[in-house]
Amino acid sequence: MRAIRRFTVQPVLPEALHPLGELATNLRWSWHPETQDLFGEVDADVWETVHHDPVRLLGAVTPDRLHELAADAEYVARVRTGHEALQQYLTEDRWFQKASADRTGWPASVAYFSPEFGITAVLPQYSGGLGILAGDHLKTASDLGVPVVGVGLLYRHGYFRQQLSREGWQEESYPVMDPDGLPLSLLREADGSPALISVSVPGDVPLRARIWVAGVGRVPLLLLDTDIEENGGELRHVTDRLYGGTTEHRLLQELLLGIGGVRALRAHSRLTGAPDPEVFHTNEGHAGFLGLERIRELTVDASGPRLDFDTALEVSRAGTVFTTHTPVPAGIDRFPRDLVSQYFGGFHDSGGPVPGVPVDRILGLGAEDYEGGDPGVFNMAVMGFRLAQRANGVSELHGHVSRGMFNGLWPGFDEADVPIGSITNGVHAPTWVAREVFGLAEEAGADVGSDSPEVWDAVDQVSARRIWDVKRQLREILVQDARRRMHASWTHRGAAAAELSWIDSALDPDVLTIGFARRVPSYKRLTLMLRDPERLKRILLDPERPVQLVIAGKSHPADDGGKRLIQEIVRFAEDPEVRHRIVFLPNYDIAMAQPLYPGCDVWLNNPLRPYEACGTSGMKAALNGGLNLSILDGWWDEWYDGRNGWAIPSADGIDDPDRRDDIEANALYDLVETEIAPRFYDLDESGVPSRWIEMVRHTLKSLGPKVLSTRMVRDYVEQLYVPAARSARTLGDHSVARDLAAWKHRVHAEWHAVRVEHVESRGVADSPAVGSSLAVRAFVALGGLGPDDVSVQVVHGTTGVDDALSAVQVEELRAVESYEGGRHRFDGAIALDRPGPFGYSVRVLPKHAQLASGAELGLVTLPD
């Protein structure tokens, strides 16, 4: 018989152990080993049984054991010390407070919206890299003291749990989670009732949600939950699972995340006294509707004078940051335009989810109204760019790819001038670096709490033997974890215990171990390693230099192509000849990843270039002394230096995908056979591969300071959050915003008349030399605009094929004379400071003090 209702009965802790309750519900424990140890000592067997979940642990341990611990003065003292350390962590000044003390304009609060957050395996609200990055962002913001509040959805089934059928086919299951059994608290009104937000949707009743709060260290994470009695029918299931359901279901989730998320923030500030966010960070386009709600607040629900749409748009844009994560158009949410119109139109006199905001303006924000766009769809990323004044990709290469993908929003601009910057992702070391690696650093006297580049020099103080022994220990931990997972998987697939004795000798802690784990879309090429199965077998079974592969990854439930790739790997790994050297571990998640990254000697990544936006798994491996073997894509394209790993040559420009895969697979095999395995097994007289350890040392020193999320979050603060906060405060004076909106309207109306009529230069000899100066004069017609409305620039650099400019520099010309008919003369000079072919041109851009970029309006005029 199945239960018709389920709930979690909360334990009653002895008074002496009350601090354990707070330690369990603040997720800082997930990256704080000392706190984890306190829970492990409660009952080691139960701790393993509940998969290191403190809340479940305290609910599962016997009352007798709790009273026994409460009588243990030494344990109680350590619990008290741990609780005091948490309180200090939550309240003391950290980097942000110290850095902002003598500076103005730093934000009082930043709202960070994401559809998924990977904080810990205990809270499975993530599917892959986007969520893990979001989780690392919050944890790092907490460590640095950045005043961030996260906003997401609470999925009752999370993302799916992956298992394999007897035939090796991916199967999905969706365990139900009880929020009362998770490290969450319910946001409540003053009278104790749950705080609710609502969003109008087609139908008789609005969509309602309550707000759960997870304490991610100092950062509150608000998670909206629709599984409540106030919702009927399908509305109750809006937050059922991550990335599931129909197109309409997905739209409902994104309406709730964006619009409902802003309303949840307002409720949280009202009930807790937390400051209202000044900056809104949209992590990918899923939360883009938040901008519409902020416009509604200013046009309809304003506490002061209501603003018109254009003025409200400027106020909202000024404080909004948009981060795009996808390098492929298929990764962008695009909804049928008619469906969006249906959901935002007025119904039952409610005015839709953002009443008062014109539907045609909403549709315009997501319109692909550029060359090559589809007029029938509403593009969430396009809306994200239009609603944010600042935008970025997640690596330098991804920034370049994104500028190309979205160039249509800024027609007439070269890719380099498209206003999409880049901040390369980083990873949260306390989450991903093994204790044993931190122990090595502490032995060398390093301050493991610092991310100063000098800290990494401590690796030179650790002997090669010590590094080698620790890496062997980490391989042993991985081998034991992998065997346990293999046994469970084979048992689920129907194997009898008598058939599984071979698992006890699968993998070997003394064999070169290569890891590959990620989502399984086709472009990540899970099966590239299988292009030549016989050659792969020879590599795995080499009698002198064997190799073993540990592989994991999930395919989207609707992606049968990805599932076939997994099945292909699984079937190869089932071959009795090689099954001790290659394994596929189902249900890749944070819990699996934490021993996997440290236990691998080499981390493999072989996507189709340039389709990897960043790829942070290789960063985690590097911080644990692993070497990367990767296509030059994402972050590796940026930071590979020839000595911190290996670059797989990519066959860019080969149109035949099979031929490209063959070329790149052969390059992969060659690297493993001729460079990687020989170096790993080249032992000196003391039994240590000294040349390998040299690469490990260099990897830690060259990549350590770069791949940390502390660097990433500081970059976001200084390059995006602070400028956005200052813009938001300036346009918080609505007269400034109103003037900016009117100016933009006037510029758009008059731009057709802007022309570069004539350009002349003088001042250089027939054979100009370095050190000479070129005087440039431009005659420009501005129609109804004035010289102060524009920036007339001379763009110069090295000329190449078809006179294309590279190594470009820009000089602004000054207005020196005006004539009848709106004509003006602009003068300037260029210093010829480098030899070689030289060229220049002139362009005219709109200019205003409140623009974040000259390309912001998408307007530019060039000479005919």
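Biologist: How far apart do the centres of the positive and negative side chains lie?
Modeller: This is a predicted model, so take the value as computed. The protein carries 86 positive side chains and 123 negative ones. The centres of these two sets lie apart by 1 Å.

Biologist: What radius of gyration does the protein have, and why is it called as compact as a globular protein of its length?
Modeller: The protein has 27 helices and 27 strands. For 864 residues the globule rule gives 29 Å, and the protein comes close to that, so it is as compact as a globular protein of that length. Its radius of gyration is 29 Å.

Biologist: What share of the residues is buried?
Modeller: Buried here means under 20% relative accessible area. The count runs over the 864 residues of the protein. The buried share is 56%.

Biologist: Which residues form the covered face of strand 3?
Modeller: Strand 3 covers residues 161-164. Arg161 and Gln163 make up its uncovered face. The covered face holds Gln162 and Leu164.

Biologist: Which residue of strand 4 is the bridge partner of glutamine 162?
Modeller: Strand 3 and strand 4 (residues 170-173) run antiparallel, joined by four bridges. Glutamine 162 belongs to the covered face of strand 3. Its bridge partner in strand 4 is glutamate 172.

Biologist: Which residue in that hairpin takes a positive phi?
Modeller: Five residues lie between strand 3 and strand 4 in the hairpin. The phi in question is near 85°. The residue is glycine 168.

Note on methods: Residues are numbered from 1 along each chain as its sequence is written. This is a predicted model: local features need pLDDT of at least 70, side-chain atom pairs count only at pLDDT 80 or more; totals for chains, interfaces and linings use all residues. Side-chain values use heavy atoms; hydrogens and water are left out. Helices (H or I, at least four residues) and strands (E, at least two) are DSSP runs, numbered from the N terminus. The radius of gyration is taken over C-alpha atoms; the globule rule is 2.2 Å times the number of residues to the power 0.38. Buried means under 20% relative accessible area, exposed over 50%, partly exposed in between (1.4 Å probe, protein chains only). Lys and Arg count as positive and Asp and Glu as negative; His and the chain ends are not counted. The place of a charge is taken as NZ of Lys, CZ of Arg, CG of Asp or CD of Glu. Two strands pair if DSSP finds at least two bridges between them.
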